[in-house]
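This report describes selected features of one protein model, from helix packing to individual residues.

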Amino acid sequence: MAQRQLNWSATPWDDSELLECAMVIPEDANTATFGLRAPSGAWFDYIPGQFITLELPVPGGTVQRTYTISSSPSRPVSISVTVRAQKNSVGGRWMLDHLKPGMKIKAYGPSGIFSSHKHPAKKQLFISAGSGITPMMSMTTWAWDSSEMPDIVFVHAAKRPSEIIFRERLEQLANRVPGIQLRFTVEESDAFRSWHGYRGRLSQIMLGLMAPDYLEREVFCCGPEPFMQGVRDMLNALGFDMAHYHQESFGAPVRTEADQPLIHDVKPADSVMVKVNFAKSGKIADCRETESILSVAKRSGLNIPSGCNFGLCGTCKIKKTEGDVHMVHNGGISDEEIADGFILACCSKPMGRVVLEV
């Protein structure tokens, strides 16, 4: 006797069927989660971390927008995307202002290769910023629902605590098992609300405190490209095996391994010799790309005041007038100072000929 199915139809949803908006959940002032379902009752088959493309009837014409799925395939009767309307957003703004329960939209997918399913590991490190948290939420929910005790360190960066998407849901999960460790860092606190988590830009020092065993973990990263570039720079500088690093992006959707863009990170090479010109002192020194400016200065008999020696205190800040350096700092210099040509000598390595105002 064939076993009767009780809860959903025998076939998964395919993108020939419109999706119906079933639920809209406000997350913060400019972010909402949209629950979508198939009117036929079909279920959703995908892997956590994948994305879906929505066709949105915005004023001026239809546009297609791709959103990472924030729900987990372990809960297959619906699918959800969590959308933040960024400044000048068209599709996201329309969704927040106009998409209501009962409306139907065209969708394509799911698709994508950014998934913990593609790189199974006993210990995982999720690193996200802003709405880059959505695939991490999907993968964390899957890990929870699988009933296998997860070992996840979940690092997330937000502007302020009230903008940490899914904070309450993540805390509910983390409060019930030891294997989900939440580590939040924010740029600033909310007014009249205390904050006891990390504060400031994610740095090497912070990462070491958040996940002391990060070298043993499979890393998944999602956020704006400058954020992911910063994470890659940190991990490269810390000697992390980048074969265990995986990232998603907000750019063009990556549907297959062949679509994946190659990452060309700057990595100082020990075999490359360069020159450092200390203009005011009249000293010119030969060195390897892997040597810090501070080290080259000391070897040349120059005294650049310094303190921590890992880019935190800012004591060794100097002006660069020509050339490029590879600098991985820990918060000792601001973006404005960098734009004005300043560097921290202790954590800057020369990439070619460099001239310094020293």
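## Basis of the description

Helices (H or I, at least four residues) and strands (E, at least two) are DSSP runs, numbered from the N terminus. The model is predicted, so local features need pLDDT of at least 70 and side-chain atom pairs count only at pLDDT 80 or more, while totals for chains, interfaces and linings use all residues. Residues are numbered from 1 along each chain as its sequence is written, and side-chain values use heavy atoms, with hydrogens and water left out.

## Ala174 in helix H3

Ala174 lies in helix H3. Its relative accessible area is 19%, and Ala174 is therefore buried (under 20% relative accessible area; exposed is over 50%, partly exposed in between, with a 1.4 Å probe and protein chains only). Apart from residues up to four places away in sequence, Ala174 touches Ile180 and Leu182, where contact means heavy atoms within 4.5 Å. Ala174 and Met351 are separated by 177 residues in sequence and by 43 Å in space, C-alpha to C-alpha.

## Packing of H2 and H3

Helix H2 (residues 133-145) packs with helix H3 (residues 167-174) at an angle of about 30°, their axes being 12 Å apart. Axes are lines fitted to C-alpha atoms, for helices over the stretch in contact, and angles run from 0 to 180 degrees between N-to-C directions. H2 is thus roughly parallel to H3 (angles under 35 degrees; over 145 is roughly antiparallel, 65 to 115 roughly perpendicular and the rest oblique).

On the H2 side, the contact is made by Ile133, Met137, Thr140 and Trp144; H3 contributes Arg169, Leu170 and Leu173.

## The largest nonpolar core

A nonpolar core is a set of buried Ala, Val, Leu, Ile, Met, Phe, Trp, Tyr and Cys residues joined through side-chain atoms within 4.5 Å. The largest one has 27 residues, and Phe34, Ile52, Leu54 and Met95 have the most contacts inside it. Among the elements that give two or more residues to this core are strand E3 (51-58), strand E4 (61-68) and helix H1 (91-98). E3 supplies the largest share, four residues.

Residues touched by Leu54, not counting those up to four places away in sequence, include Leu36, Val63, Tyr67, Val81, Met95 and Ile105.

## Asn277 in strand E13

Strand E13 (residues 273-278) contains Asn277. Asn277 counts as buried because its relative accessibility is 16%. Leaving aside neighbours within four places in sequence, Asn277 is in contact with Lys283, Ile284, Arg353, Val354, Val355 and Leu356.
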